[in-house]
Amino acid sequence: MSRAPDMTLSPATLVERDGDKGGPSADRRAINLTLNVWRQKDRQSVGKFVTYQARDISPDMSFLEMLDVVNEGLIGRGEEPIAFDHDCREGICGQCGVVVDGAAHGPRPQTTTCQLHIRSFRDGESITIEPWRAASFPVIKDLMVDRGALDRIIASGGFVSVRTGNAPDGNAIPVSKDSADLAMDAAACIGCGACVAACPNASASLFTAAKVAHLNLLPQGQPERDRRVVAMVEKMDDEGFGSCSNHAECEAACPKAIGIEFISRMYRDYLRAGMTGRKKP
Ligand code: SF4
Ligand code: FES
């Protein structure tokens, strides 16, 4: 049975369906899934969907563990396993990320693909799995995309220049609680790229805004504040990402709940930098 993305389900419904009110799923029967997976040999090849059966999958497995099981079967039959990105499998590194039934990172809000569990799906469901779709994220193979464009945005200005020497005393630079809290919210961005994949314009505004804000909000980020925001916004454009048109799909897809108010903050900083004339060198 196919199912539309679960973004429309209320949190209460999701909790009931997951059976994870602080405890394990009540229904532990293994389930079967039909997977329609995007297969693409390399960057130059034309891709296509291939259907696989995932059988006897524990509801307590993660989505990536389910793909591991499917891959073991493929390898056992002498077939090419499905390539997908992952590293920490704890929602920290930002490496994982696929589009599941049209939703970046799948149906559960604020959940990376590696933390999505099979108990979010029903026995017999048909699931479509695709890579991030964005011109600036070329497909490397199957579900893996090249997100180097995000790294290049960070390299253009997502740092502070400091004199080396002894470590400064803790709390030597006072930071207001409001600024510290906001900077921490922005710093939660794991660079997964789901915001780009979810945006109809494939904009990287939410990612860039988070990376600009977590430095521009702190005293240590002030000397390079104007140059940073100009360099990062212009690099984002150079990399071919689209413009923000306030759809807010990025915020809905973000596994770390980064809010679109950071985009407003970034463009306020960008305008301010233009007015003060302190652009990048
Ligand atoms: S803003 Fe959210 S969705 Fe975008 S890269 Fe950062 S964590 Fe991922
Ligand atoms: S594998 Fe690290 S966030 Fe998913």
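Biologist: Of the contacts in the protein chain with a separation of 6 or more, what share comes from residues 24 or more positions apart?
Modeller: This is a predicted model. The protein chain has nine helices and seven strands. Among its contacts with a separation of 6 or more, the share from residues 24 or more positions apart is 71%.

Biologist: What percentage of the residues in the protein chain is buried?
Modeller: Buried here means 20 or more other C-beta atoms within 10 Å of a residue's own. The protein chain has 281 residues, and the buried share is 38%.

Biologist: Which residues come nearest to ligand 1?
Modeller: The shell around ligand 1 holds 15 residues. By class, 12 are nonpolar, two polar and one charged. Those that come nearest are Cys189, Cys192, Ala194, Cys195 and Cys254.

Biologist: Which helix gives the largest share of the shell around ligand 1?
Modeller: Two helices each supply at least two residues of this shell: H5, residues 194-198, and H6, residues 205-216. The largest share is three residues, and they come from H6.

Biologist: Are H6 and H9 roughly parallel or roughly perpendicular to each other?
Modeller: H9 spans residues 261-276, and its axis comes within 8 Å of that of H6. The two axes cross at roughly 65 degrees. Angles of 65 to 115 degrees count as roughly perpendicular. Therefore H6 and H9 are roughly perpendicular.

Biologist: Is the crossing of H6 and H9 left-handed or right-handed, and which residues of H9 make the contact?
Modeller: The crossing is left-handed. From H6, the contact uses Ser205, Leu206, Thr208, Ala209, Ala210, Val212, Ala213 and Asn216. By class, the contact of H6 with H9 has eight nonpolar, three polar and two charged residues. The H9 side consists of Phe262, Ile263, Arg265, Met266 and Asp269.

Biologist: How does H6 run relative to H7, roughly parallel or roughly antiparallel?
Modeller: H7 covers residues 225-238. The axes of H6 and H7 come within 10 Å and cross at roughly 170 degrees. Angles over 145 degrees count as roughly antiparallel, so H6 and H7 are roughly antiparallel.

Biologist: Which residues of H7 make the contact with H6?
Modeller: H6 brings Thr208, Lys211, Val212, Leu215 and Asn216 to this contact. By class, the contact has six nonpolar, two polar and three charged residues. From H7 come Arg225, Arg228, Val229, Met232, Val233 and Met236.

Biologist: How many charged residues are in the contact of H3 with H7?
Modeller: The axes of H3, residues 148-157, and H7 come within 8 Å and cross at roughly 155 degrees. H3 supplies Arg152, Ile153, Ser156 and Gly157, while H7 supplies Arg227, Arg228, Ala231, Met232, Lys235 and Met236. By class, four residues of this contact are nonpolar and two polar, and the number of charged residues is four.

Biologist: What is the handedness of the crossing of H3 and H7, left or right?
Modeller: H3 and H7 are roughly antiparallel, because their angle of roughly 155 degrees is over 145. H3 passes H7 in a crossing that is right-handed.

Biologist: Which residues beyond four places in sequence does Asn201 contact?
Modeller: Asn201 sits in the loop between H5 and H6. It counts as partly exposed because 16 other C-beta atoms lie within 10 Å. Phe241 is 40 residues away in sequence, yet its C-alpha is 7.5 Å from that of Asn201. Leaving aside neighbours within four places, Asn201 is in contact with Gly242, Ser243 and Ser245.

Biologist: How far apart in space are Met61 and Ala30, C-alpha to C-alpha?
Modeller: Met61 lies in the loop between S2 and H2. Leaving aside neighbours within four places in sequence, Met61 is in contact with Met66, His117 and Ile118. Met61 and Ala30 are 31 residues apart in sequence, and the C-alpha distance is 9.9 Å.

Biologist: Is Asp56 buried or exposed?
Modeller: Asp56 lies in strand S2, residues 48-57. Its phi is positive, near 55 degrees. Most residues other than glycine have a negative phi. Asp56 has 9 C-beta neighbours inside 10 Å, so it counts as exposed.

Biologist: What is the phi of Arg89 near?
Modeller: Arg89 is in the loop between H2, residues 63-76, and S3, residues 99-100. With 16 other C-beta atoms within 10 Å, Arg89 is partly exposed. Its phi is positive, near 55 degrees.

Note on methods. Residues numbered from 1 in each chain as written. Chains lettered and ligands numbered in written order. Predicted model: local features only at pLDDT ≥ 70, side-chain atom pairs only at ≥ 80, totals over all residues. Near = placed C-beta within 6 Å. Helix = DSSP H or I, 4+ residues; strand = E, 2+ residues; numbered from the N terminus. Nonpolar A, V, L, I, M, F, W, Y, C, P; charged D, E, K, R; others polar. Axes fitted to C-alpha atoms, helices over the stretch in contact; angles between N-to-C directions. Parallel < 35°, antiparallel > 145°, perpendicular 65-115°, else oblique. Left-handed = near helix turned anticlockwise from the far one by under 90°. Contact = placed C-beta atoms within 7 Å. Buried ≥ 20, exposed ≤ 12 C-beta atoms within 10 Å, placed from the backbone.
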